[in-house]
Amino acid sequence: TSEEGILKRKQRATDVEPVFGHLKYNKRMGRFLLRGKEKVEIETGLLAIAHNLAKKAG
């Protein structure tokens with residue numbers, strides 16, 4: 001509820017949320033294909049790389 005907290009919440013809406021929405025809706029990423037924390041981290045990293053490459057190419 002502090003000034004800083006309010007500013008961070010506003011920034012999160014523009015930084016993070018659209019990326020997850022894009023991955024879930026446009027890339028059809030509803031669930032992870034692999035199991036285990038390490039494998040999920042790798043899968044998330046690959047999705048992030050793919051997302052960033054698509055942004056650069058577009």
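Predicted model: local features only at pLDDT ≥ 70, side-chain atom pairs only at ≥ 80, totals over all residues.

Q: How do the elements run from the N terminus on?
A: The order is α-α-α.

Q: What radius of gyration does the protein have, next to a compact globule of 58 residues?
A: The protein has 14 Å, while a compact globule of that length would be near 10 Å. The C-alpha trace spans about 40 × 30 × 15 Å along its principal axes.

Q: Which helix holds Ile42?
A: Ile42 sits in helix H3, which covers residues 37–57.

Q: Why does Ile42 count as partly exposed?
A: Its relative accessibility is 48%.

Q: Switching to charges. How many positive and negative side chains are there?
A: There are 13 positive and 7 negative ones. The centres of the two sets lie 7 Å apart.

Q: How many salt bridges come out of that?
A: The count is 1 salt bridge. In general, side chains of opposite charge can pair when their charged atoms come close.

Q: Which side chains meet in the salt bridge?
A: Lys8 and Glu4 do, at 3.4 Å from N to O. The cut-off is 4 Å, so this pair qualifies.

Q: Where do Lys8 and Glu4 lie?
A: Both are in helix H1, residues 3–15. They are 4 residues apart, about one turn of the helix.

Q: Is Lys8 buried or exposed?
A: Lys8 is exposed, because its relative accessibility is 54% and the class starts over 50%. Glu4 is exposed too, with a relative accessible area of 53%.

Q: Back to helix H3. What about Asn52?
A: Asn52 is found in helix H3. It counts as partly exposed at 42% relative accessibility.

Q: How far apart are Asn52 and Leu33?
A: In sequence, 19 residues. In space, 20 Å from C-alpha to C-alpha.

Q: Last one, Gly36. Where is its place?
A: Gly36 is in the loop between helix H2 (17–25) and H3. With a relative accessible area of 42%, Gly36 is partly exposed.

Q: And how far is Gly36 from Val19?
A: The two are 17 residues apart in sequence. Their C-alpha atoms are 23 Å apart in space.

Technical notes: Residues numbered from 1 in each chain as written. Heavy atoms only, no water. Helix = DSSP H or I, 4+ residues; strand = E, 2+ residues; numbered from the N terminus. Buried < 20%, exposed > 50% of the residue type's maximum accessible area, 1.4 Å probe, protein only. Rg over C-alpha atoms; globule rule 2.2 N^0.38 Å. Lys, Arg positive; Asp, Glu negative; His and termini not counted. Charge placed at Lys NZ, Arg CZ, Asp CG, Glu CD.
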